[in-house]
Amino acid sequence: SLENAVIDYLLSGAARSCRGETNFHHSMLIHTKHTIRSQSPVADTVTELTKYWNNHLVNEYSSEGKELRERFRQRWESGFAIHPQTHESWDEVHTALMNFIHDRYAVREINSSTEHDLDYDSHPEGLKVIAVGGNRLSRGLTLEGLCSTFFIRETRMYDTLTQMGRWFGFRSGYADLVRLHITSTLLEWFTWLTGVERELRSDIERYGD
């Protein structure tokens with residue numbers, strides 16, 4: 001499922017390029033646990049995975065690359081092209097995908113033990129990043145151009161769940177490309193939290209009246 005989330009990140013970046021976006025920020029969030037010892041192995045694994053994919057996807061003579069490109073095509077056709085607002089063909093996305101990989105994106109571990117940060121303002125050309133982190137990423141930070149999220153950290157705390165929802169900023173022009181990978185338990189808790197928020201808003205309106 002994590003591999004599929006990374007594929008979604010790359011495909012959504014390629015699709016945004018097809019739509020004429022230039023110098024855009026494009027982010028993926030991987031949020032597993034709040035401890036650094038849990039984050040570092042994940043960051044290392046994703047770094048090695050993307051290096052392998054980058055080498056083979058652009059190599060027309062690689063048998064592994066051929067299989068990967070077919071996997072990406074199937075993911076696009078089954079997971080993106082079926083959306084009524086998505087009109088890009090696989091041929092268009094494939095070409096843009098090769099350019100997206102060529103222009104490079106980074107895997108960054110974001111926590112107190114690393115020097116990395118998500119300073120989007122210092123990247124006028126657009127920051128393309130897969131961010132792996134914990135508490136530094138769960139304090140109301142908005143990730144610019146967040147299109148793919150792999151989120152399996154479970155918490156029942158109202159405030160923590162609400163803060164994590166702030167990751168997503170405005171998605172004008174690419175709302176159909178956003179993908180969220182979570183557990184069934186988290187889906188249940190976020191659904192419950194949405195109901196709580198609606199009740200609170202209703203109470204405020206009633207008291208206002």
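Before the helices, a definition: axes are lines fitted to C-alpha atoms, for helices over the stretch in contact, and angles run from 0 to 180 degrees between N-to-C directions. I also needed the naming rule: helices (H or I, at least four residues) and strands (E, at least two) are DSSP runs, numbered from the N terminus.

Ground rules for myself: this is a predicted model, where local features need pLDDT of at least 70 and side-chain atom pairs count only at pLDDT 80 or more, while totals for chains, interfaces and linings use all residues. Residues are numbered from 1 along each chain as its sequence is written, and side-chain values use heavy atoms, with hydrogens and water left out.

**Entry 1: α1 and α2**

I started with α1 and α2, whose axes cross at roughly 55° and come within 12 Å. That makes α1 oblique to α2. For the wording I noted the cut-offs: angles under 35 degrees count as roughly parallel, over 145 as roughly antiparallel, 65 to 115 as roughly perpendicular, and the rest as oblique.

The crossing of α1 past α2 is right-handed. The rule here is that a crossing is left-handed if the near helix is turned anticlockwise from the far one by less than a right angle, and right-handed if clockwise.

Which residues meet? From α1 I listed Leu2, Glu3, Val6, Ile7 and Leu10, and from α2 Val46, Leu49, Thr50 and Trp53. Contact means heavy atoms within 4.5 Å. Sorted by class, the contact of α1 with α2 has 7 nonpolar residues, 1 polar and 1 charged.

**Entry 2: α1 and α3**

Next I checked how helix α1 (residues 2–18) sits against α3: the angle is about 75° and the axes are 10 Å apart. That makes α1 roughly perpendicular to α3. On the α1 side I found Glu3, Asn4, Ile7, Asp8, Leu10, Leu11 and Ala15, and on the α3 side Arg71, Phe72, Arg75 and Trp76. This contact of α1 with α3 comes out as 6 nonpolar, 1 polar and 4 charged residues.

**Entry 3: α3 and α4**

Helix α3 (residues 63–79) also packs with helix α4 (residues 90–103), at an angle of about 130° and with axes 11 Å apart. The two, α3 and α4, are therefore oblique to each other. The crossing of α3 past α4 is right-handed. In α3 I picked out Arg69, Phe72, Arg73, Trp76 and Glu77, which meet Trp90, Val93, His94 and Leu97 of α4. The class count for α3 with α4 is 5 nonpolar, 1 polar and 3 charged.

**Entry 4: Phe80**

Is Phe80 buried or exposed? Phe80 is buried, at a relative accessible area of 0%. My cut-offs: buried is under 20% relative accessible area, exposed is over 50%, and partly exposed is in between (1.4 Å probe, protein chains only). Phe80 lies in the loop between α3 and α4. Leaving out residues up to four places away in sequence, Phe80 touches Asp8, Leu11, Arg75, Thr86, Leu177 and Arg179.

**Entry 5: cysteines**

Then I went looking for disulfides. A disulfide is a covalent bond between the sulfur atoms of two cysteines. The test used is a pair of cysteine sulfur atoms within 2.5 Å. How many disulfides does a search of the whole structure find? It finds 0 disulfides. The sulfur of Cys18 has its closest cysteine sulfur in Cys147, 13 Å away, which is too far for a bond. Cys18 is partly exposed at 30% relative accessible area, and Cys147 is buried at 0%.

**Entry 6: positive phi**

Last, I noted two residues with a positive phi. Asn23 isn't a glycine, yet its phi is positive, about 50°. Asn23 sits in the loop between α1 and β1 (26–31) and is exposed, at 53%. Arg104, also not a glycine, has a positive phi near 80°. Arg104 belongs to the loop between α4 and β2 (106–110) and is exposed, at 66%.

Definitions and conventions. Ala, Val, Leu, Ile, Met, Phe, Trp, Tyr, Cys and Pro count as nonpolar, Asp, Glu, Lys and Arg as charged, and the others, Gly among them, as polar.
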